[in-house]
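Subject: Structure handover

Hello,

Here is the structure we talked about. Please open it alongside this email. My notes follow below.

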Amino acid sequence: MVQITRRGLLITAAAGTGLTVAWALWPRRYDNPPALIGDEAVFGAYLRIAANGTVIVSNPHCEMGQGVGTVLAQIVAEELGADWRTIAIEPAPPVPVFANTMLASEWAPLLLPPVLALQPDANDILVRRWAAMREFVVTAGDTEVTAYEAGYRAAAATARSLLCQAAADHWGATVEETDTRDGFVVWGNEKLRFAELAAEAVGYAVPDPAPLRTTLPGNVRAEPVGDAPPFARLDLPGKVDGSATFAGDVRLPDMVYAAIRQGPVGATALVSVDRKLADGVTGLIDIVQGEDWVAAAATSWWAADRAVNRLRPRFRHSGKRRSGEDVAELLAKAIEGKGGDSGTGYRMIERGEGDAGFAGGRGLAARYAIAAAPHATLETGAVTARFADNRLELWVASQAPAAARRRAAKALGIAPANVQIYPMPAGGSFDRRLDDDLVAPAAILARDLRRPVQLTRSRQEEAVRDPVRTPVAARVAALIDEQANIAALSVKIACPPSARESAQRLFNDSHGMEAIADTSGDADRMAVSGAMVPYDIANVAIDHYPVRIDIPTGRWRGNGASYGVFVTESFIDELAAQARREPLSYRVQMLGQNIRLANCLTRVAGLAEWDGGLDNSGQGVACCSWNGAHIAVVASASRSSGADGAGARGGFRVERLSAVVDAGRIINHDIALQQIEGGMIFGLAMAMGCATGWTDGYPDARTLRDLSLPQLADIPEIRVDFIESQEPPAGLGEIGVPAVAPAIANALASATGLRLRQLPLLSGGL
C-alpha cells in the first residue's frame, strides 16, 4: 500500500474518483505540486492537519463570490468529523491532481477535433490524460461540486480512517469501535484530538477503497452554533471587515502601479503614442509599449491612469469597427438565410421528425432579439507581477490559472514552470475571468521596469475589452394540434460560435480577432443548447446560424440558457394565451418525462399565490432545466409610474419574484440561497437593461451607470424554496438566471397585453 508521508503530497489519494489518472501510463511532463513546509501532516493534495489541529482544505477553484471554498470545506468537515471552527481553506495552485475532468469532457467538442457526435464522459482515458497534461484546473460550468465532491469525500474518509487506526492502536481497541466527532477520535468515553494523532496517522496504510460514511454531506440536519449559522461562510468575515485581499490589494516592496490602454475591440497593433503629453504628470515613472497596448507606470494608480489618458494612443484594426445597427442587421440577415456564409444553418439538436411538418410555411411563429450583455463585474481586472532571476510571480484572480501561466510565460519567453501563480479571489466574474488578457502585459511590465507592478484596468477600459455575452436573433415556430398541444417546435438561433471562439482564446492564446476568424462559420452546439425545451414535444429541431460580427464574445452567467430560455418560455406563454390555456398547467401537462421540473411548477404556484395568469393579473411564469438543476419562477408585476413609488421604471414595477428550485442534495443551504437570489437579481438586470451596443467599434455602455442596473429600490420581494432531494447535487451559480426575464416578460404581457420579444425588455430599463 502507498504510504502517506509528511514530505510530500500523495497524488493518488483520490484514485478511482475521476480526479486523478494512472500516472504510470505515460512519462511525466508536468511538475509535482510544490513541496510543503511547516509542522503539518499531509493527507493527500486535498487536506492537511496542522500541529494546532487546524484542518486545512485546499481549494483549486477561483473564489468569485460563489462560496466554493466553504462548500468543499464543509464536505471535508462532515466526512472527516471535524470541528467547523478549526477548518481553514487555502487556495491551491493549478496542478494535475486538481484537473477538472468533468468540465474537460463537457468541453471536448471545443477542445478535440470537431466531430459533432463526440461526447466522451469524465472517465474517458483520453480526456483524463489531456486534462492532467494541460493542468485543466478551470472553474466554470457549475462543476465545482459535481466534479469534486467524490474526491474530497474520499480524501476526508481516508484521513478519518488513518486517524482512527492511530487512536485504536493507542487505546488497544479495534478501528471499527472508533469514530470521529467535533475534531476528536472517540471510543466510548475516551477521545483524542486530531492534532495529537495526525503526525502518527500518516504512517499507516491507506485503505482502499476509502471508507465513506453512509450519510451524505448536506446541512439539512445541522444546528446553529451559538448565534452563527451552521457551516457559516469562511470567507465572509474578511469581506465584511475589509481584510480580504484581492489582486489589487497586494503590496510588495518597491512596487509601482500601472494603467493600460488596449484599444477598442479589433485593435491588433499599437501605431503611435504622444509621450510628451504625459511628461507633466506627477509621479510618472515610465511608459511601456507592447504590440497592441500601452501602459503608464507611476507611484500611484491615479497618476498612471492620468498619464495613459494623455498618451492619445492610435491603433491599427483588423475586421470592421461595427455599430449596433450593423450587428443587428447581420443577425437579422442570417436568421433569414440571407447572410452569405453567415446565413448557413446547422441542425444541432433534433427529436422525432424535426421541422419536417413546417413545409409550406405552416405554423405559428415569432421573432426575438437579444442584445449583447457585458459582464459588469464589481472588480475590474487586476494583476500584480514580480519578475526576478528569470522567474515570474503573478497574483491574479483567474478561472483558468494554468492558461494564464502559459500566456505569461509565452510573453516573456520563459518556461511555464518558471511562472508561479498565487490564486486570488475575484470581486465577481460571471465567467469574465476566463479571459486572462492582462497577465501578459503585467509580466512584460514587471520585466522591463525591473520592479513589482500592479496593473489595474479602469472601468472604461474594462468595458472596452469585455468579451460580451453574444447578441442573438431568433425565430421560433410551432405546429399546434386541435387541442392546442404542441406537435412540433422549431428554434433557429443566429449568433457567433461563442464557445468555440472563447476556447480559441483560452487554449490557443489567440488574439480576439484571430479567434473570430478561426471560428467564423463554425457550428456551435453550446450556442443553442439553452433552447432545448424540457417538454414532451414529439418533434423538435434546433438550428444554429453562425454569424461573424467582428466583436469578441464569450461565456456569461447562464450562457446559452440566458437567452435560449427567454426565447422558448416567452413563446410557450404566447401559445398558451392564444389557446386560452392557463400557462402553468399548460406547461405541467407537457412534463411527463421531467417530474422534477413539474414538481417545481406545482410548488411555485403556492409560494407565489398564483392566480392563474389571467389577463390583467400581472403574473407570469417560466421554468427551465439546466446543468442538472430545475427551477420554476413566477414574476408579479404591475402598472406603475415613477411618481407612484420607488422601484418603478418605464411605467412598470416588478413587485415579487418567487422561485422553487430542485438542485438535488444541497450541501450548504445559506450559500445555495445566496446563489439563487443573486442569479435572480442577475436575470432581473438582464431584463432591465444590462446590455450594450457599439459605435465605431466601441461599446456604448462604458460605466455601470450606462447599464441601467437595478438599484436597491428596484429589487422586488424574492421568495425561494428548495425541494429536499437526495439526488446528486447540481450547480447553483447559473440556474437562477435564465427563467427570470421570460417570467417578467410574461407578467408584463398579462398586466398590459403588450408582448415584448426583446432583451432588454424596454429601452432604458423595465
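Two strands pair if DSSP finds at least two bridges between them. Helices (H or I, at least four residues) and strands (E, at least two) are DSSP runs, numbered from the N terminus. This is a predicted model: local features need pLDDT of at least 70, side-chain atom pairs count only at pLDDT 80 or more, and totals for chains, interfaces and linings use all residues. Residues are numbered from 1 along each chain as its sequence is written, and side-chain values use heavy atoms, with hydrogens and water left out.

Strand β24 (residues 652-662) pairs with β27 in the parallel sense, over six bridges. There, Ser 658 stands opposite Arg 719 of β27. Axes are lines fitted to C-alpha atoms, for helices over the stretch in contact, and angles run from 0 to 180 degrees between N-to-C directions.

**Six-stranded sheet**

A second open sheet has six strands, ordered β13-β21-β20-β19-β14-β28, again with mixed pairing. β13 (346-351) and β28 (758-759) stand at the edges with a single partner strand each, so one side of each has no neighbour in the sheet. β19 and strand β20 (residues 486-495) run antiparallel, joined by eight bridges. Ala 474 has Ile 493 in β20 as its bridge partner. Helix α16 (residues 561-578) lies across β14 (364-370), β19, β20 and β28. Its direction is about 145 degrees to β14.

**Asp 466**

Where is Asp 466 found? It sits in the loop between α12 (459-464) and β19 (472-480). Asp 466 is buried, with a relative accessible area of 7%. Buried means under 20%, exposed over 50%, partly exposed in between (1.4 Å probe, protein chains only). Asp 466 touches Pro 374, His 375, Ala 376, Arg 432 and Pro 552, not counting residues up to four places away in sequence.

**Helix pair**

Helix α1 (residues 68-80) packs on helix α5 (residues 149-171) at an angle of about 35 degrees. Their axes are 8 Å apart. Residues that meet include Leu 72 and Ile 75 in α1, and Tyr 152 and Leu 163 in α5.

Best wishes

Note on methods
Contact = heavy atoms within 4.5 Å.
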